[in-house]
Structure formats: C-alpha cells, structure tokens
Amino acid sequence: MIMKYLTQTLMAIALLIGATAACTKAQSDEDSSTERMSYLQKDERITLSVARNQLYISGAIDEMQRVQRVEKDSYEYLTFTTAVIKKTFLGTYPTRARYLQELYPKLRVEPVLVEPDGTRLLLKGEVIVVLEKGAIMPAEIKGLGFTITPDSKNPERYILSSNYATERLLQIVSALQNVKGVVSLTPNFDRRVPPKRQDYQVK
C-alpha cells in the first residue's frame, strides 16, 4: 500500500516537472531576449530573468585556471572552483550553455539568474529543506536521488545536493512545495549583490 502511494506520488511529481519543462522550453526557444525561469515558494511564483551574456561555471581548480587563461577578461573570478563567463553569446539559454559546454566539457555550466534589482542568483544543484519538528525526510524527496546533509546547528534543516541542472531543480522545488512534513523548501542560491546596481542589469 505504501509502495503504491509512493509510486503514484513520484509519478505525479514527474508529470508536473515535465509539464513545467515544456512550458519553459517553449518560452525560451521563442524569444531569447525575454527568457525567464521560475519556481513556486508555497503559493507564490518567483520569476527570475536569465542573464543574456553571462554563464555560471564550476569545476576542478586546474580546469578553472585553464579556462581563465583562455577567456582572459571575460572570466569573472568568484572562487577557486567557480566563475562567471561574461561575453556575447548567441541563441537561447540552452544553445548558449551547450556552446560553452562543448568548449569546456569538464565544466558544469548553469544560467545566471537575475532579480529585478540586479542581484545575481547562482545555483549549483542545491536545495535547503526545513522539516517540521520530529518529522523524517519524506519519501518523495528521498526518491529523487539527492545527497542529504543535516545541518549540525539545526536538526530540522538539511542541504540537498544533486547534479540537477538549474532549470530542472527549480521545477522539482515547485513540485515538492506541499509535501507533508516540509516547512520550507528553497533553492540554495549564491546571491551576488552588485556594488553598482546598473552594472548588472540583464543584457
């Protein structure tokens, strides 16, 4: 009985993710100048712009150093293993990401998402989930293949790590908002507030 319920729940999540993916792809393929990605936070839909000429990359230190030498001024250093490539790209986000991935197959390539005030949001496959006190991790979450790391300072808080691409991860976040026992489930964004707001408007 439990297995039947779990199977039905996971199938429902998969269908919702698939439907959301189709809508997002249709929008981005139609007009790259107005690309958006969105996700649900309880009953509120959060919509973010996709930066036109920026891509977020991550990888091993030696590979990142090699990319920095090649890209020169286009390479914005963030940490030893992360950076933003800022240059003119053609096509929709999937096309831009594929182009960079083909140039540097050892790297992870993700979009740079931008809030209306210019704050950049970078995501590398992580979600933060807070459970109700005494609740166990729901089967709907366990079944999605996340690496689950408890917060040593907060027994109800966990970091879920994965290899999911940003777009797919946002769809999963939306699908899991009303899972029983979950207080909150949010993307673990690296927020980059620009020193000068005008410098980071979506281009």
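Two strands are taken to pair if DSSP finds at least two bridges between them. Helices (H or I, at least four residues) and strands (E, at least two) are DSSP runs, numbered from the N terminus. The structure is a predicted model, in which local features need pLDDT of at least 70, side-chain atom pairs count only at pLDDT 80 or more, and totals for chains, interfaces and linings use all residues. Residues are numbered from 1 along each chain as its sequence is written, and side-chain values use heavy atoms, with hydrogens and water left out.

The protein chain holds five helices and eleven strands. Strand β8 (residues 147-151) pairs with strand β9 (residues 154-161) in the antiparallel sense. Five bridges link the pair. In β9, N154 is the bridge partner of D151. A hairpin of two residues joins β8 to β9.

In helix α3 (residues 93-103), the buried residues are Y93, R96, A97 and L100. They line one face of α3, because they fall within an arc of 95° seen down the helix axis. The arc is that of the directions from the helix axis to the C-beta atoms. These buried residues pack against β1 (36-41), β2 (44-58), β4 (82-86) and β5 (108-114).

Contact means heavy atoms within 4.5 Å. Among contacts in the protein chain with a separation of 6 or more, 68% involve residues 24 or more positions apart. The accessible surface of the chain (Shrake-Rupley method, 1.4 Å probe) comes to about 11300 Å². Carbon and sulfur atoms account for 55% of that surface.

Note on methods
Buried < 20%, exposed > 50% of the residue type's maximum accessible area, 1.4 Å probe, protein only.
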